[in-house]
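Hello,

I am passing this structure on to you, and my notes follow below it. Please have it open while you read.

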Amino acid sequence: MTVYLDAGTTYSKVISKDKILDEKFCLKNFDGKNYYILPSNIIKEQNIIPTRSCGHMANASENEIIALANGAKKLGVSPDATVLDLGSRDAKWINFKDGKFHDMDWNTSCASSTGATVEMLTKFYDITPYDLKYDNEKFTVTCGIFGMEKIMDSISNGIKPAEAISKFVHGIAYNAWTFAKRPDKIYLSGGFCENKCFTDSLKQYTEVVPLGRFVLCEGLI
């Protein structure tokens, strides 16, 4: 049995030729491979032993940056691509020149401006990511705690929660673009590919090409 696992803090992504999990977790079957997204705690509950793995929630055998680079190349990014992976816990990017590694950075010390914060906020205010819409105004997100303070102050002054969080997401998008050294084009990896408010906000600064949530998994194969 072959299992390729990207074990994120909140959700894990799995690619396997075998049917190893309940069908409800199977996102798709493509080219003879099953693609799963599931809460990370289930990986341990099911005692799934990966063939190769990366991520915070696994006894990882591979480096995430290398998996990101290999996966992005496999998915056909341009020779001079900047690939940004923005997940639940951290942010990382890699840049190629003429198809070869050129530069990278990885923020592993602060999760305040990544997916977990947005997920907690939407749950707290009982809204969904689909309620978030691009807002021309952005909250300056230098720290997640201060960002949440702005959200709460705005809501107490009459702004709807979805609007306030949308401004926060816009701030995250601006920070992500700046963190990646302001490229003209970003290939986006991770859960934010499915957050339209985020991608619409990021498009105000750069061209955005979503690669989906399985880039690192593809890089493990």
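**What I found**

Lysine 181 is exposed, with a relative accessible area of 57% (exposed means over 50%, buried under 20% and partly exposed in between, using a 1.4 Å probe and protein chains only). Its side chain meets that of aspartate 103 in a salt bridge of 2.8 Å, N to O (a side-chain nitrogen of Lys or Arg within 4 Å of a carboxyl oxygen of Asp or Glu). This pair links distant parts of the chain, 78 residues apart: aspartate 103 is in strand 8, and lysine 181 is in the loop between helix 5 and strand 9. Helices (H or I, at least four residues) and strands (E, at least two) are DSSP runs, numbered from the N terminus. Aspartate 103 counts as partly exposed, at 22% relative accessibility.

Before going on, a word on the source: this is a predicted model, where local features need pLDDT of at least 70 and side-chain atom pairs count only at pLDDT 80 or more, while totals for chains, interfaces and linings use all residues. Residues are numbered from 1 along each chain as its sequence is written, and side-chain values use heavy atoms, with hydrogens and water left out.

The structure holds 14 salt bridges. Another joins the side chains of aspartate 135 and lysine 167 at 3.1 Å, N to O. Aspartate 135 lies in the loop between helix 3 and helix 4 (144-156), and lysine 167 lies in helix 5, 32 residues away. Here aspartate 135 is buried at 15%, and lysine 167 is buried too, at 4% relative accessibility.

Strand 6 (residues 82-86) and strand 9 (residues 185-189) run parallel, paired over 3 bridges.

Which strand holds aspartate 85? Aspartate 85 is in strand 6, and this residue is buried, with a relative accessible area of 8%. A polar contact of 2.6 Å joins its side chain to that of serine 189 (a pair of N or O atoms within 3.5 Å; within protein, one must be able to donate a hydrogen and the other to accept it, and residues adjacent in sequence count only if both atoms are side-chain atoms).

Best wishes

Key: Two strands pair if DSSP finds at least two bridges between them.
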